Amino acid sequence: MSEQEPQELLEAHAIGTDPVRLEGADKVRGRAPYAYEHPMDDPLFLFPVQAQIARGRVSELDVAAAEKVDGVVHVLTHLNAPPLEDTSDRELAILRDDRVGFRGQYLGAVLAETPEAAREAAGLVEVRYEAEDHDADFRGRPGREEPEDAEDDVDTGDVEAALGQAEVVHEATYTTPMEHNNPMEPHTTTALWEGGTLTLWMSTQGVHPARRKLAPVLGLEPEQVRIISPHVGGGFGSKGVPHADLVLAALAAFAAPGRPVKYAVSRQQMFSITGYRAPTVQHVRLGARADGTLTALSFDAVAMSSRTKDFPEQAAKPARMMYAAPHRRIRQRVVQLDVPVPSWMRAPGDAPGMVGLEIAMDELAVSCGLDPIELRARNDPRTDPDTGLPFNRRRLVDCLREGAERFGWADRDPVPRSRREGGWLVGVGVASATYPANRQPGSDARVAFTGGRYEVEIGAADLGTGTWTTLTQVAADALGVPTDQVRVRIGDTDLPRATVAGGSTGLASWSAAIIDAARTFRDHHGTDPSPGSQAEGTAGKNPASERLALHSFGAHFAQVRVHEATGEVRLDRMLGVFSAGRIVNPRTARSQLIGGITMGVGMALHEKSELDPRFGHVVNHDLAEYHVPVNADIPQIEVSWLHEEDPAAGPLGARGIGEIGIVGSAAAIANATYHATGVRVRDLPLLGDAFLPG
């Protein structure tokens with residue numbers, strides 16, 4: 001697709017309807033195979049050996065007892081591991097030497113005929129260490145390092161002078177904790193090295209991006225690696241990039257050619273191997289006139305990162321574009337420690353960054369004596385403060401106004417601690433939501449007519465988001481045929497390339513390629529094609545991104561109750577209203593938005609990975625002690641969207657919705673607890689003792 005692609009919208013017939021998921025019945029009946037479930041002949045099973053210190057070196061590694069366990073085929077360590085070609089990504093450069101960079105790092109693996117034998121033998125591997133002093137304590141640390149991949153600092157005007165002259169000033173520090181993604185399907189790989197080809201049945205958010213990353217590490221050509229991933233049991237970002245578990249499985253396959261190797265990362269292992277959201281400290285200063293108009297905005301964010309590999313949780317990102325002020329200072333820093341490597345977690349940067357910003361705006365509204373919605377409306381810019389570009393469609397205020405009407409915001413008594421029901425204090429809160437509306441170039445699609453139906457192929461991914469169904473709807477409309485005449489194939493590197501399902505870009509990116517392929521097909525073969533006819537299409541860069549700031553917006557409303565005697569916080573109800581362009585399938589869209597809000601509830605009330613700095617170890621590393629929301633925690637959640645289409649987003653007219661549901665939702669709950677109790681808590685999660693006197 002050219003840079004001057006036509007921006008007329010695809011005519012909608014199937015798009016906008018809400019068919020059930022095409023693969024839903026197979027999933028319910030157990031017929032949709034996940035990575036571990038693909039049937040294999042004579043497989044081996046892998047269990048890893050992991051470091052028990054946070055920094056140092058392995059002085060001795062004795063595998064003799066492990067090798068004697070009945071069923072053990074091979075014990076892999078740095079002493080006998082196949083070589084790696086590209087070790088520039090230190091997270092993936094495993095089993096290279098005796099160095100230990102964090103607790104939980106892979107030191108080896110046992111391959112056995114049964115998973116039980118592999119686990120038993122791994123426990124018998126004797127490792128002796130020369131431990132070195134480590135630093136895994138993020139608490140209260142100033143950020144020293146400027147992260148490599150972060151955007152440049154913002155420094156416009158004179159923030160200090162503007163704050164000194166402001167009629168109203170708010171200054172506070174907000175913190176968000178270490179959090180882990182915890183998809184229901186763990187990170188799982190079945191690896192087979194046979195005939196010079198490595199086949200990986202794996203749980204990934206992008207088969208082609210994973211191959212591009214892994215092949216050079218393993219010293220293979222891309223054509224020597226095939227990745228198959230038709231169904232994924234959740235990822236929330238953690239499966240968006242390869243982690244060390246994939247390299248370990250591949251090395252094990254090299255060590256046992258001709259036999260498939262199965263490795264399912266255990267829940268506890270996921271807390272050190274497959275990424276997490278790093279904790280952040282956000283220092284926010286706002287200066288305003290008495291009417292609430294911002295004159296100064298200072299946002300300094302610090303995030304924890306790893307000495308093994310730097311990954312910044314860019315919490316300062318949304319402050320760059322959310323509200324305008326003539327004087328702005330925005331910085332992102334990291335503290336590199338001897339800890340596992342952080343990575344993507346749903347709405348990286350934006351989700352934690354909007355916690356500090358949106359609670360601070362609520363506090364500023366209180367200081368100015370303004371309704372929080374009115375304060376946001378008064379500071380709603382028409383052009384992007386970061387780039388200077390006009391927004392494609394910034395309908396934040398529309399979302400706030402519609403949400404207020406639906407939620408009954410007008411009935412809110414602005415005085416905190418004014419509503420009691422039994423022993424509970426009841427309050428309501430609001431926060432804004434935003435997320436970039438990007439589209440990734442680099443996806444291809446193929447359309448072929450087989451006689452009776454159309455085959456549409458693209459190496460996309462379905463994380464439970466509904467990709468099988470929504471791409472079928474898009475293809476049907478692009479071809480001008482009913483959906484039952486379309487069969488979509490995804491999740492395989494043997495199919496045309498596709499970008500990663502991440503950054504809320506999947507559907508928009510893949511659909512652009514499918515629409516281009518369908519148009520080419522109709523141009524060449526008409527509406528009565530011969531069997532065997534086919535055409536290809538591609539998704540290029542969205543030309544509108546050069547002239548517009550492309551974002552989606554939304555508003556979250558929350559009602560909570562806080563028990564006066566215990567401080568327990570319970571969520572009563574939530575509402576989200578979003579501006580996200582055309583909605584392809586209301587059924588799957590509603591599921592995505594509710595899922596994002598549910599993760600926001602976890603962020604606000606439950607989730608915190610407790611890292612013991614003495615050992616560099618997450619102590620609550622399972623679902624028994626790492627609390628995520630369950631059914632009893634989630635009451636009524638309603639979502640809706642503004643009915644709109646966005647030609648600037650491309651021919652589909654849709655913007656991504658996978659992440660905007662979580663952005664701002666935790667802040668709305670935090671603001672509601674203040675309204676209920678009069679106690680302002682600036683640290684997540686919102687624990688009961690924070691609301692008790694003394």
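Biologist: Which ring face does Arg394 lie over, and how far is Arg394 from the ring centre?

Modeller: Arg394 lies over the face of Phe391, at 5.0 Å from the ring centre; a charge sits over a ring if NZ of Lys or CZ of Arg is within 6 Å of the ring centre and within 35 degrees of the ring normal. This is a predicted model, where local features need pLDDT of at least 70 and side-chain atom pairs count only at pLDDT 80 or more, while totals for chains, interfaces and linings use all residues. Residues are numbered from 1 along each chain as its sequence is written, and side-chain values use heavy atoms, leaving out hydrogens and water.

Biologist: And what about Arg680, which ring is under its charged end?

Modeller: That ring belongs to Tyr674, and the charged end of Arg680 sits over it, 3.9 Å from its centre.

Biologist: How many aromatic pairs turn up in the whole structure?

Modeller: The search finds eight aromatic pairs, counting rings of Phe, Tyr and Trp (its six-membered ring) whose centres lie within 6.5 Å, with planes under 30 degrees apart called stacked, over 60 edge-to-face and the rest tilted. One of them is Phe271 with Tyr626, where the centres are 5.5 Å apart and the planes stand at 70°, so the pair is edge-to-face.

Biologist: Where in the chain are Phe271 and Tyr626?

Modeller: Phe271 is in helix 7 (residues 267-273), whereas Tyr626 is in the loop between strand 25 (617-618) and strand 26 (636-641), 355 residues apart; helices (H or I, at least four residues) and strands (E, at least two) are DSSP runs, numbered from the N terminus. Both residues, Phe271 and Tyr626, are buried, meaning under 20% relative accessible area, with exposed over 50% and partly exposed in between (1.4 Å probe, protein chains only).

Biologist: How are the rings of Trp409 and Phe557 arranged?

Modeller: Their centres are 5.7 Å apart and their planes at 75°, so Trp409 and Phe557 also form an edge-to-face pair. Both of these residues are buried, and ring pairs join Phe407, Trp409 and Phe557 into a cluster.

Biologist: Switching topic, is helix 8 enclosed or open?

Modeller: Helix 8 is largely enclosed by the rest of the structure, because 17 of its 19 residues are buried. Gly369 follows helix 8 and has a positive phi, near 70°.

Biologist: How many disulfides does the structure hold?

Modeller: The structure holds zero disulfides, a disulfide being a pair of cysteine sulfur atoms within 2.5 Å. Cys368 is buried at 15% relative accessible area, and Cys399 is buried at 0%.
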